[in-house]
Amino acid sequence: MMNEVQYQVVFLGKLRPGFNQEKAKARLQEHLKLSSAVVESLFTSDRVVIKRDLSADAAKQYEQRFYMHGAIVKLEKQVGSKIKNDIDKADDSAVAENSPENQVSLEPIPQTVAVDSSHASANTSANRASMSNSVGSTNVDSGEYPKELGFEFTGNGKEYFKIWIVNIALTILTLGIYSAWAKVRNKQYFYGNTLFEGSSFEYTAQPLTILKGRILAFFIIALYYVASSFLPPNYQIGFLLAVIVIVLFLLPWVAVKALQFNARHSRYRNISFGFDGTYWGSFKAFILWPMTSIIFLLLPFVWQRQNKFFVDNSRYGKTPFEFTARVGDYYELFGKMILLGIGLTLVAGLLFGFGVGISTGSSGLGSPAAIVGIAVSLLGYAAVYFVAIAFYNVLSNNLLYNSTLLKQHSLSADYRLGSYAVLLLTNTLGIVLTLGLFIPWALVRSARYHAEHTQFVATENLDSFIAGEEQKVNTFSEGLADAHSVFDIDVGI
């Protein structure tokens with residue numbers, strides 16, 4: 001057994017895209033229960049040995065857990081007992097590996113994780129030479145996992161335009177009744193053209209089910225208008241306030257039912273997604289917390305809570321998603337938005353002043369110079385709004401996906417301000433200049449961009465993971481899932 005190949009886990013300071021040192025430190029400390037001293041030691045050297053003497057399977061589990069929380073580690077072979085002894089001798093002056101502050105349990109890893117900070121304190125050339133001689137450079141399955149798996153969108157604008165225009169025409173001709181079928185056709189097109197690992201997503205909802213929900217909503221709205229029209233004027237305000245209160249308490253239920261409906265009818269490889277959110281959770285996410293946003297500085301808290309409610313209650317098969325972004329991450333996003341807003345406001349102010357100067361210096365408001373001045377002013381403010389929207393969408397989408405886990409796997413996004421701003425600008429101009437006819441192409445281009453800039457980070461073979469999910473799902477009866485579908489209200493667009 002002395003010659004059995006063992007591995008050591010080494011951190012070289014490399015982080016996943018979307019993670020900086022502060023974010024990675026916080027994630028490692030929070031989710032792996034590492035002490036602040038241990039986390040700091042990881043970043044004090046170009047090379048830190050986290051754990052030695054591991055089997056291939058155990059080393060792989062370490063690699064997966066650290067990768068999930070932002071740190072890319074390397075698995076290196078230890079060849080023979082002599083090498084192990086040489087490494088131990090080189091570590092005599094280091095912080096003890098088994099000291100209490102360096103201990104943490106990583107389930108389901110049976111061993112205790114202890115960050116060996118010897119290489120953080122002894123970073124000499126001799127030590128580097130010793131390490132290069134004592135370990136090989138071969139990783140465990142290094143060519144495979146963890147790895148990023150991309151999405152692909154295969155739809156095109158011309159093809160979708162035919163579906164879109166027919167949907168609009170039939171919806172108008174049927175006084176809105178066909179809108180339920182239009183909804184399903186639209187979703188089926190975009191789901192069916194979104195590929196992941198050679199398989200497309202599916203949308204399985206039935207139009208009649210959606211239509212029932214919409215008819216119910218229509219009658220509720222009609223009942224309100226009829227009732228309000230027969231009430232005496234002095235009862236109108238009280239009736240309106242009562243309706244507002246009822247709607248406020250009804251909306252969380254509608255939101256939960258809609259999320260459950262759309263998740264249950266979304267499938268990948270014959271396994272449905274799910275949503276397990278509760279009414280109270282929905283009430284807090286969509287009513288209670290947004291009320292606190294009257295205080296402007298609480299907006300980041302509201303954003304984080306809403307995303308956490310959605311992600312933490314979503315699942316693929318029986319495996320739940322997990323949202324790991326903290327409120328502090330959203331305050332960081334908020335701070336960047338404030339700084340950008342200040343800069344853009346200054347630019348817009350200068351353009352506005354320039355435009356006003358041209359207008360006031362001209363012979364009249366109807367003169368060409370005045371028109372140019374007004375146009376420059378309006379364009380300045382439009383540019384501020386446009387850039388702010390693009391900047392927020394890029395930052396918020398990257399934060400959302402880079403903070404979403406699925407078991408030991410995770411999602412990743414790399415939206416970029418330049419390319420996203422160009423997409424947003426060209427889509428907007430196309431829609432305006434064609435009086436809306438460019439909408440199908442704009443939706444297809446947006447879906448393609450989203451697919452190209454979103455990845456699934458797999459830490460093991462997905463076939464075995466999906467097979468495991470299928471087995472878990474099949475052990476439960478799904479027959480009751482659609483028993484209450486008559487009450488599902490589709491509120492999506």
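## Briefing: a predicted chain of helices and strands

F334 has a relative accessibility of 7% and therefore counts as buried, since the cut-off for that label is under 20%. The chain holds 17 helices and 15 strands. Among contacts with a separation of 6 or more, 75% are between residues 24 or more positions apart. Several of the pairings below show such links along the chain, residue by residue.

- The average pLDDT over the chain is 77, and 74% of the residues score at least 70.
- One stretch to handle with care is residues 81-143, where pLDDT stays under 50. The model still has 110 contacts beyond four places in sequence for this stretch.
- Residues 476-493 also stay under 50 in pLDDT, and 29 contacts beyond four places in sequence are found for them.
- Where pLDDT is low, the predicted coordinates should not be read in detail. Please keep that in mind when looking at the contacts of residues 81-143 and residues 476-493.

- Strand 1 (residues 6-15) and strand 2 (residues 48-54) run antiparallel and are joined by 4 bridges.
- Within this pairing, V10 faces V49 of strand 2.
- Strand 2 is largely enclosed by the rest of the structure, because 6 of its 7 residues are buried.
- R52 belongs to strand 2. With a relative accessibility of 7%, R52 counts as buried, because that value falls under 20%.
- From the C-alpha of R52 to that of E76 is 9.3 Å, although the two residues stand 24 residues apart along the chain.
- L42 sits in helix 2 (residues 36-42). Its relative accessibility is 1%, so L42 counts as buried.
- The C-alpha atoms of L42 and L12 are 8.6 Å apart, with 30 residues separating the two along the chain.

- Strand 11 (residues 314-316) pairs with strand 12 (residues 319-323) in antiparallel fashion through 2 bridges. Y316 stands across from T319 of strand 12.
- These two strands make a hairpin with 2 residues between them. G317, in the turn, has a positive phi of about 65 degrees.
- Strand 12 also pairs with strand 13 (residues 404-406), again antiparallel, by way of 3 bridges. Here F321 is opposite L406 of strand 13.
- In a regular strand the side chains alternate between the two faces of the sheet.

**Helix 12**

- Helix 12 (residues 299-312) is 14 residues long and spans 20 Å between its first and last C-alpha, close to the 20 Å expected at 1.5 Å a residue.
- Which residues of helix 12 are buried? They are P300, F301, V302, W303, Q304, F309 and V311.

**Aromatic pairs and a charge over a ring**

- The whole structure contains 35 aromatic pairs.
- One of them is Y160 with F190: the ring centres are 4.9 Å apart and the planes meet at 70 degrees, so this pair is edge-to-face, given that the label needs an angle over 60.
- The Y160–F190 pair connects distant parts of the chain, with Y160 in helix 7 (residues 157-173) and F190 in helix 8 (residues 179-192), 30 residues apart. Both Y160 and F190 are buried.
- F296 and F334 have ring centres 5.2 Å apart and planes at 55 degrees, so the pair is tilted.
- F296 comes from the loop between helix 11 (279-292) and helix 12, while F334 is in helix 13 (residues 327-360), so the pair ties together parts that are 38 residues apart in sequence.
- K187 lies over the face of the Y203 ring, at 5.3 Å from its centre.

Notes
Residues are numbered from 1 along each chain as its sequence is written. This is a predicted model: local features need pLDDT of at least 70, side-chain atom pairs count only at pLDDT 80 or more; totals for chains, interfaces and linings use all residues. Side-chain values use heavy atoms; hydrogens and water are left out. pLDDT is the predictor's confidence in each residue, from 0 to 100. Contact means heavy atoms within 4.5 Å. Buried means under 20% relative accessible area, exposed over 50%, partly exposed in between (1.4 Å probe, protein chains only). Two strands pair if DSSP finds at least two bridges between them. The expected span of a helix is 1.5 Å times one less than its number of residues. Rings of Phe, Tyr and Trp (its six-membered ring) pair if their centres lie within 6.5 Å; planes under 30 degrees apart count as stacked, over 60 as edge-to-face and the rest as tilted. A charge sits over a ring if NZ of Lys or CZ of Arg is within 6 Å of the ring centre and within 35 degrees of the ring normal.
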